[in-house]
Amino acid sequence: MAALTNKVLRSQVIFWSSVRPVLASQKLDIGGVDGRQPSRGFPTSKHWLIKWRLLRSKKVLQIELPKFVELKSEKKNREDKTPDELRMEMKKEGRLPPRTFQELPLNISCTRSVMEPFKPPEGDGKHSSLLSSHLSDTVSRMLKGPKSLNHIRKLKKFENFNESEFALEAQNIVIEAQMLLQDIFKNQERLHELVTEKAFPEMVHGLEYKTMVWSLVETVEPPKVVHVRTETMITDDNVFSQVTVRLHTKQILAIYDRFGRLMYGDPILPKSVVEYVIMEKWISDTYGRWRIHGKILPDSATPRDNLIKTYKVPKFSPLPPAEINKETTKETKVDKVDTPELATA
């Protein structure tokens, strides 16, 4: 095909090169200034050689556009067609099947679970540590000691980890997060810096229309690290670490509803609270930070008090007076029987 096109172009060039001198000698108008084709009385930019006509025609591509009007009208009838019929129509028109994007964003800045959650001893903070249950827990903790040491060694490869200093840092983070929960709308950005994406919705759930008052009275026991775990995600270079810290403090907690009525807690009476807070960090990230990831609730914990909810007293409209049925409410007249009085002697 290319050879045939070159042959035709070559023949046209030879023809016009031989005819042009003759036309010029006879002073015939071959179009435009200097032989160019005129366009509405003005010279055009097209070249006078005909060989460029084929190349100019190749610049324009004829594309068969889909029939949008028919597609819009057929959209209503697509529900009645089977998938095979739709597939054959799209294949006939040269259309590709539509792609459905169901991918959800993946956030790997935190994990979605707790790695080997720590099991608190029974009666922690209530009973003496010399009981048999506490002794068995200490023995089991000693047996798991080498495993925790391996995780601590892996954690120290990424940062300088000191248990006593970290426990104080974790306690300060928990105190600041609890204080910020008193106004979640104003302190939302700071809360995201202190709380992971998993724990944030769990902490702020139900506080949108409530008022929370929290304060720390004192620290009963110094905080301490009781559990350390590290785990990889997706790749071996992506490492996360979780550290469980035991906190024993006295706190004041009071929650009010939107009407200002007390729902939970007491604004004056402090309570002794033992908490096991899980701190997590993306240790393989250069800009990773320790954040609150969750809490461990022991099985032996006392159940929480129920929330005192405020209800609106409904106002009922008075019932319409009932229609009295005369037939059923007729009083039957009973004849009185005169009974003789007994004579007394």
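Author: Side chains of opposite charge can pair when their charged atoms come close. Take E202 and K198: their side chains form a salt bridge, with N to O at 3.5 Å. The term asks for a side-chain nitrogen of Lys or Arg within 4 Å of a carboxyl oxygen of Asp or Glu. This is a predicted model: local features need pLDDT of at least 70, side-chain atom pairs count only at pLDDT 80 or more, and totals for chains, interfaces and linings use all residues. Residues are numbered from 1 along each chain as its sequence is written, and side-chain values use heavy atoms, leaving out hydrogens and water.

Reader: Is K198 buried or exposed?

Author: K198 is buried, at 14% relative accessible area. E202 is exposed, at 52%. Buried means under 20% relative accessible area, exposed over 50%, partly exposed in between (1.4 Å probe, protein chains only).

Reader: How many salt bridges does the structure hold?

Author: It holds 11. One of them pairs E116 with R229, 2.7 Å from N to O. E116 sits in the loop between α4 (83–93) and α5 (132–143) and R229 in strand β3 (residues 211–233), so the bridge ties together parts 113 residues apart in sequence. Helices (H or I, at least four residues) and strands (E, at least two) are DSSP runs, numbered from the N terminus. R229 is buried, at 3%; E116 is partly exposed, at 40%.

Reader: Which residue does K295 form a salt bridge with?

Author: With E275; the closest N and O atoms are 2.5 Å apart. K295 belongs to strand β7 (residues 291–295) and E275 to strand β6 (residues 271–281).
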